[in-house]
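Below are some notes on the fold, for comparison with the model on display. They take the sheet, then the helices packed on it, then the cores.

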Amino acid sequence: MRYLSTRGGVEPVTFSQAVMMGLATDGGLLLPENFPQVDGETLRRWAGLPFTELAVEVMAPYVGTDLDRRSLADLVERSYAGFSHPEVTPVVEVGDRHVLELFHGPTAAFKDVALQFLGNLFEWLLERSGGRLNILGATSGDTGSAAIYGVRGQERIDIFILHPYQRVSPIQERQMTTVLDANVHNIAIEGTFDDGQRIVKELFNDLAFKSEYSLGAVNSINWARILAQVVYYFYSWARVTGGDPERAVVFSVPTGNFGDIFAGYVASRMGLPVRKLILATNRNDILSRFVNTGVYQAREVHHTISPSMDIQISSNFERYLYYLMDRDPAAVRGLMEQMAREGRLEVPPEKQAEVARLFHAEAVSEEETLEQIRRTFEESDYILDPHTAVGVRAARGYPGAICLATAHPAKFGDAVKQAIGVEAPPPPSLQGLMEKETRCERLPAETAAIKEYIKRTLAQRHGQTMEE
Ligand SMILES: *Cc1c(COP(=O)(O)O)cnc(C)c1O
């Protein structure tokens, strides 16, 4: 399998090159040149597989010859061995809905599903190439800790994670800053998540810096993350339908960067029977406005009780745009240039209609989110975290929908308590965090300051060995 850029300015690359490159060198995002097709018979067979075996089946054609099947199976096994549930991503019945629990990994959020795999994949690739990698990422909360847990203690990797100072939950902050491994560098920036994302993008676009310091990404722009997330769409479909290829399902996905829901789109393009993808946002509604109007336009970022979705510019949106514009890189370039120039882009009405055929989008308010947590608790004795509640609320017209549960409710204790008067009991991974020692650097939200800090830190840690 070869990978292409949404903007058409990169020679096709292999899977490992795409993983190491992160953002394409022309500023676009990397995508596989085609979607392997899964027929009814295969769907039926896959439905009988445990999560890890299914993961190998789904991933193998995308990985191509870069990893032999045994190595892939081994990576997958190691990545999900640390999950606290034997099914990895179990589906539970909650009232007339199915909840796909994606929070049984080490940081209690769905990003572990992708980042445990990506961490092991990086390590495997670096051992083979003899190289080093410096991971740079911006987080609105959950990505940072999940990425840190994915690579902590690894020899060939340093990780720099930017989070918006005092704009992540206390638990999220602690999950990141209590990891004291020497290769982990937390930076609290004095700004928003979008500032962090902009800084990271600018540093990746600084090609000299990127190559001299071997920068790699863990944000959802990395194709391997999307790929790992495709797996649980197949898995949950099988649990709910028993593997009947005639039965199409509805997924409801709490959305920020369009990564998780894009994985659902990929699954549907591969042949998974998907009737609807519900795109659920909080007040930060750029994506739901796009689905409903065809206009993609950022507004200011609002701080909400579902902070991992407090995003206005969605980094994976361009991937979807590429398919919507019939894989025409010139059209994508044109739209993205328009976006950069005018702060908005618009697709023609027939394209908006196409979007609305597969996606149903809704923006859910704070009151509705809290009300949903309360109602689900009263009716089903099940505690939703605020992100999951956004998706459950948006799916209310779709009984039987599979609602993706993206975080454990104990991670967002304040919102849960506000809704139902009590907090959810923490899983073992979240216990004792507040008492632990922390390490973090606070810096202004300026690209130059971050660049300087990275250079200084790496010089101290590796000195002359940086060029190895
Ligand atoms: C990251 C995150 C989301 C949004 O996922 P995207 O891939 O950015 O759309 C939703 N919920 C939680 C808890 C998250 O951490």
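1. Two strands pair if DSSP finds at least two bridges between them; helices (H or I, at least four residues) and strands (E, at least two) are DSSP runs, numbered from the N terminus. On that basis, strand E10 (residues 274–281) pairs with E13 in the parallel sense, over five bridges. Leucine 279 is opposite alanine 361 in E13.

2. This is a predicted model, in which local features need pLDDT of at least 70 and side-chain atom pairs count only at pLDDT 80 or more, while totals for chains, interfaces and linings use all residues. Residues are numbered from 1 along each chain as its sequence is written, and side-chain values use heavy atoms, with hydrogens and water left out.

3. The open sheet has six strands in the order E3-E4-E14-E9-E10-E13, with mixed pairing. Strand E3 (91–94) and strand E13 (359–363) are at the edges with a single partner strand each, so one side of each lacks a neighbour in the sheet.

4. In the largest nonpolar core, of 112 residues, Phe234, Phe251 and Phe359 touch the most other members. Such a core is a set of buried Ala, Val, Leu, Ile, Met, Phe, Trp, Tyr and Cys residues joined through side-chain atoms within 4.5 Å; buried means under 20% relative accessible area, with a 1.4 Å probe and protein chains only. H10 supplies the largest share, 14 residues.

Terms used
Buried means under 20% relative accessible area, exposed over 50%, partly exposed in between (1.4 Å probe, protein chains only).
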